[in-house]
Structures are given as structure tokens and as C-alpha cells.
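Notebook open, structure loaded. I'm jotting down what I looked up, one topic at a time.

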Amino acid sequence: MNTATRAAGGAGTATTGEPDDQDAAATEAADTAIGIVGVVGLGAMGEGLLRTLSDAGLDVIGVDTDPDALARVGQRLKTQQPPAREPRTLVLTSELTALARADLVIEALPDRLGTKAEVLRRIDEVCPPDTIVATSSSTLPVQHLAVLSGRPGRTVGLRCFVPPPVGETVDVTGTAATAEGTVAKVRALLSRTHRDRPPVTVSAGARDAADELVLGLFNRAAALHSQGYADRVQIDTAMTLGCALPVGPLRMLDLMGLDRAAERLGELARSTGDDALRPAPALAALIADGRLGRRTGHGFYRYDEAGEPVAGEERAPVSGTPREIRRIGVVGAGLMAKGIAELTARAGIPTVIAGRHAGRAAEAVAGIRTSLDRSVRRGRLAPESREAALGLITASGSLTDFAECDLVVEAVAEDIAVKRAVFTRLDSVVRPDALLATATSSLSVADCAAATSRPDRFVGLHFFNPAPVMRLVELGRTPDTGADTLATAHMLCERLGKTPVELGDRAGYVVNYLLLPYLNSAMRMLESRDLSLAEVDAAVERGFGYPMGPFALLDTIGLDVSLAIQQRLHEEFDEPSLAPATLLEQLVDLGHLGRKTGMGLRAY
């Protein structure tokens with residue numbers, strides 16, 4: 001049955017569904033532990049919970065005393081894409097008395113003790129004794145709130161980091177007084193809303209660590225935005241595509257609410273003494289202007305009635321005339337070099353890959369064949385396409401074989417002396433009109449270009465591992481990079497199926513500038529706190545929707561690679577907080593580099 005949502009403009013109730021739905025709801029409630037859920041407070045968190053519960057097919061009652069909030073949420077629910085499972089009943093109201101038929105009431109108000117205490121008391125007055133009450137508080141003790149609720153045996157805590165559906169409920173916690181089975185009932189309900197995955201159990205220390213790490217990353221992104229190096233779209237595009245995040249950091253701040261994010265950052269800064277967690281000036285400026293994020297229609301982005309970002313001013317079109325790339329060279333035989341060569345060959349471009357000697361180049365081609373075979377086995381590539389790609393790759397032990405290439409990409413060790421030596425040699429053997437590119441992620445593109453006689457035909461192309469899969473390329477330009485060179489780089493990225501984010505020549509670009517300090521902070525935590533790596537990773541993955549927690553990611557990247565980039569960032573920006581963690585340096589000294597050596601933060 002199709003339903004349409006009508007929002008209350010003030011006191012009173014707006015409901016969807018038909019009379020028969022009430023009978024169906026009663027039947028469902030008899031068959032399941034929890035059938036009707038109320039959500040009190042329709043800010044960012046409350047709206048997210050309301051939508052997630054509704055999409056899971058539950059009867060939902062949303063309560064807020066603000067008529068604008070009711071109207072806003074009603075409009076967004078009405079215009080959203082139809083859920084996979086339609087709710088039987090969705091009610092939006094300003095009256096708490098509507099919660100009298102709820103099996104579970106979730107309080108999703110800001111973390112202010114007085115406000116929560118008053119609302120919890122009123123919920124207790126209107127709900128039957130067996131109704132469970134859950135608080136989504138992130139900072140106030142559940143034990144205290146359970147007592148204030150008037151029903152300590154039926155009160156639990158929900159730990160949500162960011163609004164659903166981006167984040168999930170990480171944990172459901174009871175107290176010493178919580179009645180037997182109460183926590184289990186709420187966990188069972190939430191597993192229905194989270195793709196049948198029950199909330200994970202993590203310690204308070206792990207939850208706080210995850211909050212501190214990821215909010216610190218968000219805050220650094222806001223500070224980067226205020227520096228003018230990259231705009232909001234560049235920052236969010238780079239982080240979503242380069243790190244496979246569900247939502248970019250600035251958009252995520254908007255979803256959370258800038259005021260609530262700033263409040264939490266302030267609490268973290270005071271409790272840890274870490275000045276890097278003090279809210280960035282960009283947050284304070286937006287909050288002072290009344291731009292609080294998605295719920296007010298304007299934060300870092302503007303939002304339409306459906307709560308979707310409004311397209312901002314389009315960036316200036318790429319100027320210059322792109323050149324045709326008929327043959328590409330790749331210098332190096334490591335993981336990145338192999339990935340780039342596989343990528344260009346699969347795009348139908350004849351590719352020469354050169355190692356230190358012919359044997360290394362042949363090993364690289366064998367590695368590319370293994371990667372292509374894997375794609376065929378997984379059904380991502382046809383066997384004939386594999387053979388076509390391999391037929392376009394030539395292995396070489398000499399840079400002179402790049403003489404007829406239109407573009408040569410260097411992907412050797414992150415050592416400026418090594419790179420400059422390669423480019424000096426390349427400059428003497430490739431055609432005068434050929435383009436040169438460096439895949440560096442942390443060194444200066446201009447310093448590499450200075451080893452050549454063609455700074456106008458030189459560009460940075462920072463691919464991400466694995467290059468055939470990851471969609472982002474950070475395209476680094478110097479003041480000397482020519483317009484035609486940039487246009488050619490953009491065209492090549494599009495041909496390869498990549499999204500280029502054009503940035504100035506600066507250590508770390510966007511992704512490493514934001515990601516590596518986050519990972520370094522995780523290592524610093526291990527030096528001073530007794531933390532479970534698995535719990536912190538689980539809290540970040542489930543609470544924020546990240547594909548990997550910080551410790552799993554460090555082992556995947558390689559602790560030596562992470563240390564080298566962190567050292568470069570510290571050297572470039574001279575911020576005390578960027579100094580590499582001592583524990584990271586010690587593990588690298590021991591040869592514990594991560595998955596590639598079988599031992600890092602974990603054993604493999």
C-alpha cells in the first residue's frame with residue numbers, strides 16, 4: 001500500500017496509513033518484542049533514527065515541540081525515495097501523549113541534563129510501565145539518566161556517533177538495574193534496521209577514542225577549508241573517493257549539526273587538553289551566521305526541501321587543449337607502478353613499464369597478469385579483455401624505451417633524490433613535447449619538475465592503491481604547469497574512469513593531509529591508553545560507516561609508508577601535532593610494517 005506523509009504544523013498529530021493498519025500493527029506487536037517505536041527530538045540524530053526505523057517497516061511516532069522541525073522532517077520523508085519496506089504507520093506530532101502506545105521510546109535530544117531529565121520524566125508519565133526507554137546520549141551517564149527516567153529497570157543507552165543511515169548504533173548498554181532481557185530486545189530491534197547486523201559491544205574507552213579520532217579528522221577538514229587550499233566539494237570528493245568513506249567530512253558535519261559537532265569537539269578538547277580538537281574557526285563562523293547544517297538548510301552546503309545538497313557554483317571549465325595520448329610509459333615495478341600500467345592497458349593505451357632491469361619489469365608484468373586473472377575469476381573482466389590488456393604492455397629495463405611515449409608517469413620510491421635522478425634521465429630521452437608526471441603523494445611536484453627542462457609539461461598524478469579500483473586521482477599543478485598539460489591530464493583521468501581533483505602543489509594534497517594525522521593520533525592513543533584495537537576499529541567502522549578502522553588501515557597501508565608521509569607532513573607544516581608517534585617509529589624500526597610483512601599492529 002502506498003502512503004504519503006503529512007507533517008503537523010504545530011500541536012496535534014499528522015498520521016499516515018488507514019484504520020486497518022492499526023489492527024495490523026497490533027498483530028505485529030504480538031508477534032515481535034518491539035513493534036511500535038517513538039523518537040523524541042527530530043534534530044539530525046532523531047530524524048536519522050526515524051527514517052531508518054521507518055524504512056525497516058516499523059510503526060514509528062516522531063515527536064518534537066518545534067513546528068518547523070515537524071514540517072521539515074515531514075517534507076523530507078514525503079520526498080525521499082520509496083523505502084524497500086513501507087511502514088504501516090508514520091506519525092509526526094508535537095504531543096508526547098502519542099507515545100502511550102509505543103513499545104520503545106528513543107530520546108534523541110541534545111546532551112543537556114536538565115532538558116533530558118524533564119523529557120524522560122514526561123515519557124514515564126504517558127507510557128505504560130513495560131515501555132522501554134532508550135537515550136542516545138553520548139556524554140551523560142546512562143545510570144544517572146535511568147534514575148531520572150523514573151523507570152531504571154526499563155532504560156538503556158544507545159551509542160550513535162553520527163545520524164543513521166550513515167552510522168549505525170554501536171552499542172546498547174544497560175545498568176545494574178536494567179531488567180533481564182531489555183537490552184536483548186533493543187539489540188534485536190536494531191539488527192533489523194542495520195542490515196540484520198546486531199550492534200557491536202565495545203568499551204566506553206573504545207567508543208570515546210573513535211569519537212575523538214573521527215571528529216578530529218572532521219575538524220581538520222573544516223580548518224583546511226578555511227585555509228582556502230581546497231573548496232568543500234574538492235575536500236569531500238577527495239575523501240569519499242580516496243578513502244571510500246560513505247560521506248565526506250564537511251557534509252558529515254552538516255548532517256550532525258555544526259553546533260552539536262562544535263560542542264562535542266569543545267568537550268573533547270577540554271577533557272584531553274588537545275588544542276587540535278578545539279572547534280575550527282570555520283565552524284564558529286558558520287554557527288554565528290545561523291548556518292547549522294542540514295537541519296537549518298545551510299551549513300557548508302545548502303540543502304533543498306528533501307534535505308539534499310544544492311549544486312553550488314560550478315568550477316571554471318578546464319582551459320587549454322588536451323593532447324591525444326597514444327602511448328604511455330610507467331617508471332617503476334612496485335605496487336603503484338603495476339596498478340597504473342594495468343589501468344592504462346585496460347583502457348586500451350599501449351603501455352611500457354620499466355624497472356631497474358629487465359627482470360624486474362618482467363616480474364611486474366607477471367604481477368599484472370595475476371591481478372587480471374583475479375578480475376576474470378571474479379567476473380569483473382572478460383578473458384578476451386585480459387588478453388587484450390596484456391598484449392598492450394611492454395616490459396623494459398631501460399628508460400630509452402620511453403622515447404616514443406606521449407606521457408611518462410614516474411612511480412618509484414618516495415625519495416626526492418631518486419625521483420629527480422629519474423626525471424633528469426627521462427628529460428633527455430623522451431620527445432621534447434612529451435609530458436612527464438609524478439605519482440608522489442607527499443613530495444613537491446615542483447621539485448621533481450625542476451630536474452627537467454619542461455616544467456610547463458609536468459604534472460602530479462596521485463593515484464590511490466589499488467589503482468585499477470580506486471576512483472580518485474589528485475591532480476597536482478605547479479605555477480608552471482601549462483593549461484594544455486592540465487587539460488590532457490583531466491582527459492586522461494576521464495578515459496581511465498577516474499575522477500580528478502585538481503589541487504595546488506602541496507605535501508599530502510587533501511587525502512594524506514587529513515588521513516595521516518588521524519592515523520598518527522590513533523597511534524598516540526596506544527601510547528597512553530589501554531585500548532582494544534579490535535574495539536576501536538569496530539566502533540569507527542560501525543559508528544561512522546568507514547570501510548576500515550584506523551589500526552586495520554595502518555596495517556593495510558604499511559606502517560613504514562605511513563611513517564614516511566607523516567614525517568614529510570611534519571617537515572612541511574611544522575605543527576607539533578604532526579610529529580610522528582613514537583610507537584609508530586618503534587614498530588617500523590622492528591620491521592613490523594603491517595600485512596606485507598605478516599606483522600604490524602596485528603599478526604597476519
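**Helix α19**

I started with the buried residues of α19, and they are L533, V536, D537, A538, A539, V540, R542, G543 and F544. Buried here is under 20% relative accessible area, exposed is over 50%, and partly exposed is in between, with a 1.4 Å probe and protein chains only. Before going on, a note on provenance: this is a predicted model, where local features need pLDDT of at least 70 and side-chain atom pairs count only at pLDDT 80 or more, while totals for chains, interfaces and linings use all residues. Residues are numbered from 1 along each chain as its sequence is written, and side-chain values use heavy atoms, with hydrogens and water left out.

Helices are DSSP runs of H or I with at least four residues, strands are runs of E with at least two, and both are numbered from the N terminus. α19 covers residues 533–544, 12 residues in total, and spans 16 Å from first C-alpha to last, close to the 16 Å expected at 1.5 Å a residue. That expected span is 1.5 Å times one less than the number of residues. Because 9 of its 12 residues are buried, α19 is largely enclosed by the rest of the structure.

What do the buried residues of α19 pack against? I found β8 (169–173), α7 (204–227), α18 (511–528) and α20 (550–557). Contact means heavy atoms within 4.5 Å.

**Nonpolar cores**

I then looked at the cores, each a set of buried Ala, Val, Leu, Ile, Met, Phe, Trp, Tyr and Cys residues joined through side-chain atoms within 4.5 Å. The largest has 105 residues, and F218, F300, F402 and L426 touch the most other members. Apart from it there is another core of 38 residues, including A337, A341, V365 and V409.

**Cysteines**

How many disulfides does a search of the whole structure find? The count is 0, taking a disulfide as a pair of cysteine sulfur atoms within 2.5 Å. For C243, the closest cysteine sulfur is in C493, 17 Å away, so that is too far for a bond. C243 is buried at 13% relative accessible area, and C493 is buried too, at 1%.

**Salt bridges**

My rule was a side-chain nitrogen of Lys or Arg within 4 Å of a carboxyl oxygen of Asp or Glu. By it I get 38 salt bridges.

- K116 pairs with D111, closest N and O atoms 3.4 Å apart, and both residues are buried.
- R121 pairs with E118 at 2.6 Å, N to O. Both sit in α4 (residues 113–126), 3 residues apart, about one turn of the helix. R121 is partly exposed at 35%, and E118 is partly exposed at 38%.
- D433 pairs with R323, closest N and O atoms 3.6 Å apart. D433 is in the loop between α15 (416–429) and β13 (435–438), R323 in the loop between α11 (281–288) and β9 (328–331), so the pair ties together parts 110 residues apart in sequence. D433 is partly exposed at 36%, and R323 is partly exposed at 22%.

Last entry: R323 and D433 belong to a network of salt bridges that also links R326, D406 and R431.
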